[in-house]
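Colleague: I have a model open and would like to go through it with you. May I ask about the charged pairs and then the chain contact?

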2 protein chains.
Amino acid sequence: MTNTADTHPAYRARLDARDGLLTGPTANIAPGYVQANLAILPSNLAADFLRFCQRNPKPCPLLAMSEPGSPALPDLGHDIDIRTDVPRYRVWHNGQLVDEPIDVRNIWRDDLVSFLIGCSFSFEEAMLDNGLPVRHIEQGCNVPMYRTSIPTQPAGPFHGQLVVSMRPLKAADAIRAIQVTSRFPSVHGAPVHFGDPAEIGIADINRPDYGDAVEIRQGEVPVFWACGVTPQSVVAAVQPEFCITHAPGHMLITDLLNSRMAVL
Amino acid sequence: MTNTADTHPAYRARLDARDGLLTGPTANIAPGYVQANLAILPSNLAADFLRFCQRNPKPCPLLAMSEPGSPALPDLGHDIDIRTDVPRYRVWHNGQLVDEPIDVRNIWRDDLVSFLIGCSFSFEEAMLDNGLPVRHIEQGCNVPMYRTSIPTQPAGPFHGQLVVSMRPLKAADAIRAIQVTSRFPSVHGAPVHFGDPAEIGIADINRPDYGDAVEIRQGEVPVFWACGVTPQSVVAAVQPEFCITHAPGHMLITDLLNSRMAVL
């Protein structure tokens, strides 16, 4: 790749993060480019986590993983340094959040493996391009997310329940949203459920486990997609001695185009 | 085409209809081949009806139309004679059903134009191939159909409300059914609605306007597709001085493969 910062908005955004100029959420930064969830694990957990992603592709669509100790992700973009290019990180010791730095070079280890996982921003862009409403964007808040009763497929120590995100839609719009998001299997793909929340173990649609509640209007049904918070929730449950994730909403901006994630 | 009756099940079925050996419904006859709804109209109505189909492709997916007076449909199959190859017809005078013959050669006219319209048998085969339940097939009855409050786009004298067919499905199966049937735009394509029947003007889901009621089980939602009864209902409302349709369930079996109707 021969991107230069001046001409490439994704690279520009990463350099801004690297230089401490971009430290906030990445929604609406570098529109059109794929953003990714991050989990950095010690190599002794990497093989099991990779297998967990392989067994659970809807919540854990793995875009790329790094070589142990390497901060580069050549498949995702030019000159990526995963230690600096995410606007804000979370550092975890034995399952406890210990820091939210904007740079993790000083705590980097030679045994760390980075996992980059697709994010719903990509399919939400496609929904908006299709004239479909995305309520949490309209309301300027986070997407509501819920722990469900749907089990994930376990791998080694990694196991737990599926987390879903919810977007309310009229039935005809939900049908179109199913078509649109089916084209994006590498960013969660089609919904996993719509309608009655209790059928997937959600007790109160107005009290999400993560994010914010949104209005569900007359004639709308809640539509549920597998969510990239699932791997974070599963990693947190394992309480690894050390791990790094992105801070919620502070994603890695890649050089991949959202439009190129569509399979058809 | 070089089909012979001995080797081609669709041609065999048409010859059986022509010879008076096949006079019953065509469900499960020549599996894998596209079956079509039939409307035969005087040529003075043909241009408007063609425009009606063009404006309403979901209920009226036109597979082929004939030259005026010609019984051939070379785009749909070898040696078709539309006057004999449908197992049973309905003959209408000024909107009144006057006969249900198995052959219409004796009432054929030089000004008649045949319209062949896609039918849900094609996408139901794809649903079954995907392991999805089709309740009316399980129950051995006709699909339930309903007049809705959804208007069609008018053309000349042709206008009226959309008729839909209904298949009950669990939400996860409905999502898969939306994916599967989206691949078949020439046989009604994706559903037009799911969930609350009242939203599309259906007062009682247990009292269909055509066909038979089917069981909707716990955890299932009704899913509604545009239905090929719509053009019949619209034609009937116009009360043309003369027209011929197929008898319900007694379709033209074409040489087209259902699998070839999938766009992707």
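Colleague: Which residue forms a salt bridge with A:Asp79, and how far apart are the closest N and O atoms?

Modeller: Please note that this is a predicted model. The partner of A:Asp79 is A:Arg18, and their closest N and O atoms are 3.2 Å apart.

Colleague: Turning to chain B, what does B:Arg18 meet in a salt bridge?

Modeller: B:Arg18 pairs with B:Asp85, at 2.8 Å from N to O. Helix H1 (residues 9-18) of chain B holds B:Arg18, and the loop between strand E2 (62-65) and strand E3 (89-93) holds B:Asp85, so this pair ties together parts that are 67 residues apart in sequence.

Colleague: Is B:Asp85 buried or exposed?

Modeller: B:Asp85 is buried, because its relative accessible area is 2% and the buried class covers values under 20%. B:Arg18, by contrast, counts as partly exposed at 26%.

Colleague: How many salt bridges does the structure hold over all chains?

Modeller: The total is 32. Another of them joins A:Arg105 to A:Asp103, with the closest N and O atoms 2.8 Å apart. A:Arg105 is partly exposed, at 48% relative accessible area.

Colleague: Now the contact between the chains. How many salt bridges are there between chain A and chain B?

Modeller: The count between those two chains is zero.

Colleague: Which elements of chain A give two or more residues to the side that touches chain B?

Modeller: They are helix H5 (171-182) and strand E8 (193-194) of chain A. H5(A) gives the most, with seven residues.

Colleague: What kinds of residue make up that side?

Modeller: On the side of chain A that touches chain B, eleven are nonpolar, four are polar and one is charged.

Colleague: And what is the area buried between the two chains?

Modeller: It is about 1,300 Å², and carbon and sulfur atoms give 75% of that area. The contact takes 16 residues from chain A and 16 residues from chain B.

Methods. Residues numbered from 1 in each chain as written. Chains lettered and ligands numbered in written order. Predicted model: local features only at pLDDT ≥ 70, side-chain atom pairs only at ≥ 80, totals over all residues. Heavy atoms only, no water. Contact = heavy atoms within 4.5 Å. Buried area = accessible area lost by both parts, 1.4 Å probe. Salt bridge = Lys/Arg side-chain N within 4 Å of Asp/Glu carboxyl O. Helix = DSSP H or I, 4+ residues; strand = E, 2+ residues; numbered from the N terminus. Nonpolar A, V, L, I, M, F, W, Y, C, P; charged D, E, K, R; others polar. Buried < 20%, exposed > 50% of the residue type's maximum accessible area, 1.4 Å probe, protein only.
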